[in-house]
Amino acid sequence: MKRMRTYLPSRKVIAVLAAALLATGTAACGNSDTGDNAGKGDDGKITLGFSQVGAESGWRTANTTSIKEAASAAGIELKFDDAQQKQENQIKAIRNFIQQKVDVIAFSPVVESGWDTVLKEAKDAKIPVILTDRAVDSADKSLYKTFLGSDFVKEGRLAGEWLVEQKKAASGPVNIVELQGTTGSAPANDRKKGFAEAIAANPNLKIIASQSGDFTRAGGKQVMEQFLKANPKIDVLFAHNDDMGLGALEAITAAGKVPGKDITIITVDAVKDGMQALADGKFNFIAECSPLLGPQLMELAKKVHNGEEVPARIETEETTFTQEQAKEALPNRKY
Amino acid sequence: MSNRTAGYRALTTHRLFWPIVVLVVLLAANTVYRPGFLSVQMRDGHLYGSLIDILRLSAPLILVALGMTLVIATGGIDLSVGSLCAISGAIACLHISEQPDQNSVGGVLTALALGLGVALVLGAWNGVLVAVIGIQPIIATLILMVAGRGLAQLITEGQILTINSDPYKAIGVGHLLTLPLAIFIALAAALVVAAFTRRTALGLIIESVGGNAQASRLAGIRSARITFLVYVISAACAAVAGFMMTANVSSADGNAAGLWVELDAILAVVIGGTSLAGGRFSLGGTILGALLIQTLTTTVYAMNISPQTSLLFKAVVVIAVCLIQAPGFRARFARRRPSAAAPAPVTEQPKEQVPA
């Protein structure tokens, strides 16, 4: 009797787990056959297989939309796969693309390492590969044709150069606080580096405090609250993305200061809420990190398909925004 | 004299003594680093200072940890609270964003009811999985921990949903009697839970279920019903915490809201002296644990400890708190100290036995 009682629930556990496994199994199957009527079209139309990281942010969604729109505009047949933040899914998708004999493969790697084997398979099948947005750390650079994406160091540098220009006339020290992105992430490391290099031009510009706000609004707010209490004189805030800057805005207002006037605010990204804050005069400067690389990607896909040489590193077309430029650009922003 | 040492021993062996000491040390270290740390000023009709920030920011963690305390007291664990925070916050913000007038109190109240309602349903789902179907709590709640975050992102469509509603914002940053409103909400929840668990038999019953569910059932307690109940309470606490988190920044971020708060809550419960094996719990200890964790986070920012070393710093403090609380670890040191005086009678005893 007792044995029965302890046995019964565990059988239920197994049943539930089995059902869960079945569900994920079918989902995976549903995912993988992205189109079986594929194959190299003889009509001369280029087929591009693209594996996206996922849909974790507004930035990423805009990135996906840009690629889809650009593909239909360029007359390229797009096979789109969403890897849902998992490398296994992405490797599976790339293998599928190889089997379907697409003309070009492009993907935004979920992580940096572990791509050599599957990239080698693509190379053996003579399918050129383009990386977008994120790099891989493969030692063998011949595994992919080119890497199209933002230059985070440059974004930091542009932000720093604008500040140096603004504070040219400053006679005394200018106190800067920095809100870093997630510790150890490439955008955080590179933006910090680029910014530090640029402001080295003026010894008056000094970073007096620098903490990680994890790229989130809540993080940015919490860190800025303590910065404001610990440092009576803060002249400039440099945030590694708009969201941390938006969080910091609330902390600055709560401290009785006027954002954009008492404290100059510089951020990176230019998402919609950030652009709105810039147009409202709460931010002072944004270095864009554009997700709209679709048209550039289609151009590249055509070139590598025709066997043309392309540079190994191509930067996304990006710009910077001041308050006036933000007011003009805001109505046409896509994300 | 002996009275005083006994009193001293009673004080130092009290399970909340060491967490309080660590909290005081942290505050003292902050004051040494920056003398103005403890100062609190009046600004715009409310108090303003780092201490007030700690109170306000610890409120969501206190709430989540309260629910977690009850769950852990029954010998379970609830990993889904972080995702529930994100879901309830996202639902509330979505409803408010669809209102023609985001400042209408009625709209905000509906939004809160919706968010809370969905959280209660999800809490009931956890409760059914654990209490009725008998899945181990860590697995049962893991389902919602993973799937729930996806659900929150679905609700916000993967975007950060910004709202502009003063009544909702008040939950996160409003003030009452010059102090943050959030801390009053958290303390009110704590009082309600304390009243039900310590003024009625409910607390005892929860502890008995945690001690031995089977024996409690045979003794006439409806164990399954109690287990189900604590998961629903935990979900309700998480929902209110989710409102605070999203109100604090006036936006719902399905990806980041309440991320890892379940782990902080478990830590707060453990620091507060509640046994992870179940059968015993301390609400006061949990609140103290939550305050300690938030003070630790604020200390990192206030003392500008570099982000690369801040996790190590937190780890060292937490390990220290857990070690000095551990009976086994304390016993080693307690035995060593009196050993200077104690060995004498121990060696004398066998001597006396020889002539006898």
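**Reading the two chains**

Analyst: Of the 335 residues in chain A, 45% are buried, where buried means that 20 or more other C-beta atoms lie within 10 Å of a residue's own, exposed means 12 or fewer, and partly exposed lies in between, with C-beta atoms placed from the backbone. This is a predicted model, in which local features need pLDDT of at least 70 and side-chain atom pairs count only at pLDDT 80 or more, while totals for chains, interfaces and linings use all residues. Residues are numbered from 1 along each chain as its sequence is written, and chains are lettered from A and ligands numbered from 1 in the order in which they are written.

User: How many strands does chain A have?

Analyst: Helices (H or I, at least four residues) and strands (E, at least two) are DSSP runs, numbered from the N terminus. Counted in this way, chain A has 11 helices, and its strands number 12.

User: Which strands do the buried residues of H6(A) pack against?

Analyst: Helix H6 of chain A covers residues 186–199, and its buried residues include A:Pro187, A:Phe195 and A:Ile199. These buried residues pack against helix H5 (152–166) of chain A, and also against strands S6 (174–180), S7 (205–212), S8 (236–239) and S9 (264–269) of chain A.

User: How many residues does chain A give to the contact with chain B?

Analyst: On the side of chain B, the elements that give two or more residues include helix H3 (50–73) and helix H11 (223–249) of chain B. Chain B gives 26 residues to this contact, and the number from chain A is 29.

User: Why does B:Val21 count as partly exposed?

Analyst: B:Val21 is found in helix H2 (residues 17–33) of chain B, and its C-alpha is 39 Å from that of B:Ala92, which is 71 residues away in sequence. B:Val21 counts as partly exposed because its C-beta neighbours inside 10 Å number 13.

Terms used: Two residues are in contact if their C-beta atoms, placed from the backbone, lie within 7 Å. The expected span of a helix is 1.5 Å times one less than its number of residues.
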